[in-house]
Amino acid sequence: MDSLKNIIKEYFRDTLYEADVVMRSSREKKLTIVTDNLRGVCGITVVTVTGPAKPVSADVEKTYLKVKFFQMEPTLELHLQRMAVDARKIDGVFSFIPITSKKVVSRIYRSK
């Protein structure tokens, strides 16, 4: 029932946001699998890798991402915090740090 409530909340959201994110993840996990799993987190609809993953250590790599999402929490700040917490629950993700965020103005997606 909880997932149905989340689907309904997402349907009624009408503002698309975009955030630049720094993610640290396991080098043992395929980056495409990790980014695919991010699409199920907290209103995220699009994940774009903006540059190649850079090794930080033998086990960790750093990747710069651009994510598009609908705000599900009452404030954007709360949503970004929840998104970071939920992303870290994905197997292989060590940190997920939103750097900047803004509303998306798109020729395809238009808010009412």
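A salt bridge here is a side-chain nitrogen of Lys or Arg within 4 Å of a carboxyl oxygen of Asp or Glu. By that definition, this predicted model holds eight salt bridges. Side chains of opposite charge can pair when their charged atoms come close.

Begin with Lys102 and Glu18. Their side chains meet in a salt bridge, at 3.9 Å from N to O. The pair links distant parts of the chain. Lys102 lies in strand β5 (residues 93-103), and Glu18 lies in strand β1 (residues 16-26). They are 84 residues apart. Glu18 has a relative accessible area of 12%. Buried means under 20%, so Glu18 counts as buried.

Now turn to Lys66 and Asp20. In this salt bridge the closest N and O atoms are 2.9 Å apart. Again, distant parts of the chain are linked: Lys66 is in strand β4 (residues 60-70), Asp20 is in strand β1, and 46 residues separate them. Lys66 is partly exposed, at 26% relative accessibility. Asp20 is partly exposed too, at 30%.

How do these pairs relate? Glu18, Asp20, Lys66 and Lys102 are linked in a network of salt bridges.

The last pair sits in a helix. Arg82 forms a salt bridge with Asp86, with 3.4 Å between the closest N and O atoms. Both residues lie in helix α3 (residues 76-88). They are four residues apart, about one turn of the helix. Arg82 is partly exposed, with a relative accessible area of 34%.

Key: Residues are numbered from 1 along each chain as its sequence is written. This is a predicted model: local features need pLDDT of at least 70, side-chain atom pairs count only at pLDDT 80 or more; totals for chains, interfaces and linings use all residues. Side-chain values use heavy atoms; hydrogens and water are left out. Helices (H or I, at least four residues) and strands (E, at least two) are DSSP runs, numbered from the N terminus. Buried means under 20% relative accessible area, exposed over 50%, partly exposed in between (1.4 Å probe, protein chains only).
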